[in-house]
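Open your viewer and get ready to select side chains. This tour goes from stop to stop.

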Amino acid sequence: MIRVKRVYEKPAKEDGFRLLVDRLWPRGLTKERASVDLWMKKIAPSDALRKWFGHEPERWPEFEKRYRKELAEKKDLFSQIQKLESERKFVTLLYGRNDERQNQAVVLADALKRKR
């Protein structure tokens, strides 16, 4: 099962395998406090897309569309996450952004669910 959680929230046993899907390490967070099992920065949106989006809410629909296109080109990484999901009971996709609805982890989780 895929879950999504902000990396700044306290780690929990229920998180299972904790996978950070941000391109940049979360500001002000130590590795110990983050409790990340794997940092998969290459699955994150490209720098160009991330900078273009700039967390502007009106750009979200286009960001989501462009990021899904990028994910389609990252089949090996996508497959790696699917394998983790099949091996583990839970995989939690971690993100740093302060918006729980408009972030790449939400898009990635939806794309993974659609590929089942």
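Start with a cluster: select Phe-53, Trp-60, Phe-63 and Tyr-67, which are linked by ring pairs. Keep in mind that this is a predicted model. How many aromatic pairs does the structure hold? The count is 5.

Zoom in on Phe-53 and Phe-63. Their ring centres lie 4.5 Å apart, and their planes meet at 25°. Planes under 30 degrees apart count as stacked, so this pair is stacked. Now colour the helices. Phe-53 belongs to helix H2 (residues 47-53), while Phe-63 belongs to helix H3 (residues 60-72). The two residues are 10 apart, and their pair links distant parts of the chain.

Buried or exposed: which is Phe-53? Phe-53 is buried, at 3% relative accessible area. Phe-63 is buried too, with a value of 3%.

The Phe-63 and Tyr-67 rings have centres 6.0 Å apart and planes at 20°, so they are stacked. Both residues sit in helix H3, 4 residues apart, which is about one turn of the helix. Tyr-67 is buried, as is Phe-63.

Now look for charges over rings. Select Arg-3 and Phe-90: the charged end of Arg-3 sits over the Phe-90 ring, 3.9 Å from the ring centre. Then select Arg-59 and Trp-52. Arg-59 lies over the face of Trp-52, 5.1 Å from the ring centre.

Last stop: Gly-28. Find Gly-28 in the loop between strand E2 (17-20) and helix H1 (31-34). Gly-28 has 71% relative accessibility, so it counts as exposed. Draw a line from its C-alpha atom to that of Phe-53: the separation is 23 Å, for residues 25 apart along the chain.

Notes:
Residues are numbered from 1 along each chain as its sequence is written. This is a predicted model: local features need pLDDT of at least 70, side-chain atom pairs count only at pLDDT 80 or more; totals for chains, interfaces and linings use all residues. Side-chain values use heavy atoms; hydrogens and water are left out. Buried means under 20% relative accessible area, exposed over 50%, partly exposed in between (1.4 Å probe, protein chains only). Rings of Phe, Tyr and Trp (its six-membered ring) pair if their centres lie within 6.5 Å; planes under 30 degrees apart count as stacked, over 60 as edge-to-face and the rest as tilted. A charge sits over a ring if NZ of Lys or CZ of Arg is within 6 Å of the ring centre and within 35 degrees of the ring normal.
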